[in-house]
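User: I'd like to go through the charged pairs in this model and then look at one of the helices. Can you show it to me before we start?

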Amino acid sequence: MESIIYNQKGEETGKIKLPEEIFGVAWNPDLVHQVVTSMIESARKPYAHTKTRGEVRGGGKKPWQQKGTGRARHGSIRSPLWSGGGISHGPRQNEENFFRKINKKMKVAALRAILSAKARDGEILLVDNIVLKESKTREAKTTISTLAKIKGFGGLLAKKNNAAIIVLPTRNEKINRAFNNFSNLEVMEARNLNPVALLNYKFLVLINPQTIPWPATK
């Protein structure tokens, strides 16, 4: 698959042949759904968790004697009947395991399918390099504004949420700092690409694609 590669100014600098085994794969909705839902479920954090009367603090001493006070008998202030006591039959999600195993081959196949779909839909932008002098937000904004002028990629500026992932071959602290203030953009190393991230963002901006170590080929 041959694609146009641009420079930081939005000018065409040549063409590059993307590997067919990564960007020419047929769409597999069932596989993608299974992998993505499994990843989301595995990342789930159990917020809803209550403590029983044996876990809340205090309550070791009997509040008053059993008989003779005229009040109801109680053995602990941490009974579910008391304010601040334990909870009966509450959610206990810390004891649940939400992890769902995904075979590596399935994850790789889903990643290839999504990359191929984005390539067919014209949602992948290839840029030979991004060079920032001072690593400032204004420089990053100028770069994105220039790239957004390329036909089909106006959404880089128009979309307020989840506009694009900027993929780097290796970590670049200058680019990370410069683009950190954009809530609709995410900077990511190629080795960290995953199906969930790809589906969350509209565009994929590949920086220096010739040197990207594609995760799908491992």
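User: How many salt bridges does the structure hold?
Analyst: This is a predicted model, and the structure in it holds eight salt bridges.

User: Which residue does Glu41 meet in a salt bridge, and at what N to O distance?
Analyst: The side chain of Glu41 meets that of Arg44 in a salt bridge, with 3.6 Å from N to O. Glu41 has a relative accessibility of 25% and counts as partly exposed, and Arg44 is also partly exposed, with a relative accessible area of 39%.

User: And what does Glu173 pair with?
Analyst: Glu173 forms a salt bridge with Arg171, and the closest N and O atoms of that pair lie 2.8 Å apart. Glu173 is partly exposed at 35% relative accessibility, whereas Arg171 is exposed, its relative accessible area being 54%.

User: What about Glu189, is that one buried or exposed?
Analyst: Glu189 counts as buried, because its relative accessibility is 15% and the cut-off for buried is under 20%. Its salt-bridge partner is Arg191, with the closest N and O atoms 3.0 Å apart, and Arg191 is exposed at a relative accessible area of 52%.

User: Which residues are linked in a network?
Analyst: Glu55, Arg92 and Glu95 are linked in a network of salt bridges.

User: Switching to helix H2, what span should its residues give, and how far apart are its ends?
Analyst: Helix H2 comprises the 14 residues 29-42, which at 1.5 Å a residue should span 20 Å, and the C-alpha atoms at its ends are 20 Å apart, in agreement with that expectation.

User: Which residues of H2 are buried?
Analyst: The buried residues of H2 are Leu31, Val32, Val35, Val36, Ser38 and Met39. They lie on the same side of H2, because the arc they cover around the axis is only 160°. An α-helix has 3.6 residues a turn, so residues three or four places apart point the same way.

User: What sits on the face turned away from that buried side?
Analyst: The face of H2 turned away from its buried side carries Asp30, His33 and Ile40, which are exposed residues.

User: And what covers the buried residues of H2?
Analyst: Among the elements covering the buried residues of H2 are helix H3, residues 104-120, and helix H7, residues 195-200.

Definitions and conventions: Residues numbered from 1 in each chain as written. Predicted model: local features only at pLDDT ≥ 70, side-chain atom pairs only at ≥ 80, totals over all residues. Heavy atoms only, no water. Salt bridge = Lys/Arg side-chain N within 4 Å of Asp/Glu carboxyl O. Buried < 20%, exposed > 50% of the residue type's maximum accessible area, 1.4 Å probe, protein only. Helix = DSSP H or I, 4+ residues; strand = E, 2+ residues; numbered from the N terminus. Expected span 1.5 Å × (residues − 1). Arc of directions from axis to C-beta. Contact = heavy atoms within 4.5 Å.
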